[in-house]
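Here is a walk through one chain, taken a few spots at a time. Have the view open and follow along.

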Amino acid sequence: MNRIFNFSAGPANLPLPVLEQARDELLDWQGRGLSVMEDSHRGRAFVELAERSEQDLRALLSIPDDYAVLFMQGGATLQFATIPMTLAKPEQGVDYLITGHWGKKAASEAAKLRPMRVVADGEALGYRSVPAMEDWETGADAAYLHYTANETLHGLEIDPPPAAGYAPLVCDMSSTLLSRPIPVERFGLIYACAQKNIGPAGVTVVIISPDLIERVPQDTPLALNYRKIAAAGSMLNTPATFPWYMASLVFRWVADQGGLAGMAERNRRKADLLYGHIDGSDFYANLVDPNWRSWMNVPFTLAEPSLDAKFLETAEQQGLYGLKGHRAVGGMRASIYNAMPEAGVRALVSFMEEFERKA
Ligand code: PMP
């Protein structure tokens, strides 16, 4: 077996024990003579998986009992629209803090549906820092304040959540959920696509407070209706059974790593190693304000951009894959989500050292 280290921003690495278990169970899941993909989502075996996975996620994140946990489809992108459409009244303002590419996208989707107000935009700071809260222009009637906990392209992470306090916090945690403990009770709604820390693409986790779920209008289309989806245990229609199953294995794996405290310790060590190497070199640079640097996505540039292509090619030859930065930002980006082992980050750092020496 020749597995590479995949530094791509998502779909990302999955934990090896999870892939091995899925492989072992593929043809005959729970002695049922079929794969989980072929089994009915209404059958007892899958319903038990669904319930257990929700309990496991609740335990990992210490989700308050009165919050609903949903396993939806449509990715984070569908949440960009569902949130303004169902949590704000037609004329009600919705507030967006923009700290990078994904926040901007979420805001532009919201603007199609509701009076969207940009509270602050870090563009003038090159999305390398978060605008100071004193400068935010908040709206008195805001249905919620949306922000992106981790900007996957720009490598900027907001943790702990802002203490804005004037409206419920709604947060895109696509590339940060399960990487460290979070105070769920401080949020009105949290959502995350799966393909970073949760499982394969296809399932989207939504965690929603009782106050916010009550806002959903009765006539909301079914596939967007948090209230009805919650009442149906996320089985209003056929769920993405295989990604959900994979996520259930990932939740168990995270618990085995010491839960989110264990994950956080490991993620901090990995990030420190990589930033430490970048900061200690004149050849590599990461310009994000150290107060806001992401543990999950580490963009960096080479002092000599003409060497970018050679860097990527040589890295791939050594099994270090997916290091090209997003086209909107350029340079390199190492995504080091939960399933990236420390050995992967060490291999990357050794490679960077060697490349710099030969450059
Ligand atoms: N938000 C963030 C922070 C992301 O990183 C991504 C995907 N990279 C998305 C939203 C979009 O997710 P999806 O492709 O599942 O719609």
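Let's start at Ser129, which sits in the loop between β4 (116–121) and β5 (145–148); helices (H or I, at least four residues) and strands (E, at least two) are DSSP runs, numbered from the N terminus. This is a predicted model, where local features need pLDDT of at least 70, side-chain atom pairs count only at pLDDT 80 or more, and totals for chains, interfaces and linings use all residues. Residues are numbered from 1 along each chain as its sequence is written, and side-chain values use heavy atoms, with hydrogens and water left out.

Ser129 counts as buried because its relative accessibility is 16% (buried is under 20% relative accessible area, exposed over 50%, partly exposed in between, with a 1.4 Å probe and protein chains only). Its side chain makes a polar contact of 3.1 Å with that of Asp289 (a pair of N or O atoms within 3.5 Å; within protein, one must be able to donate a hydrogen and the other to accept it, and residues adjacent in sequence count only if both atoms are side-chain atoms).

Now for the salt bridges (a side-chain nitrogen of Lys or Arg within 4 Å of a carboxyl oxygen of Asp or Glu): the count comes to 15. In one of them, Glu157 pairs with Arg180, with the closest N and O atoms 3.3 Å apart. That pair links distant parts of the chain, 23 residues apart, and both Glu157 and Arg180 are buried. Glu48 and Arg44 also meet, at 3.8 Å, N to O; they are four residues apart in helix α2, so about one helical turn separates them.
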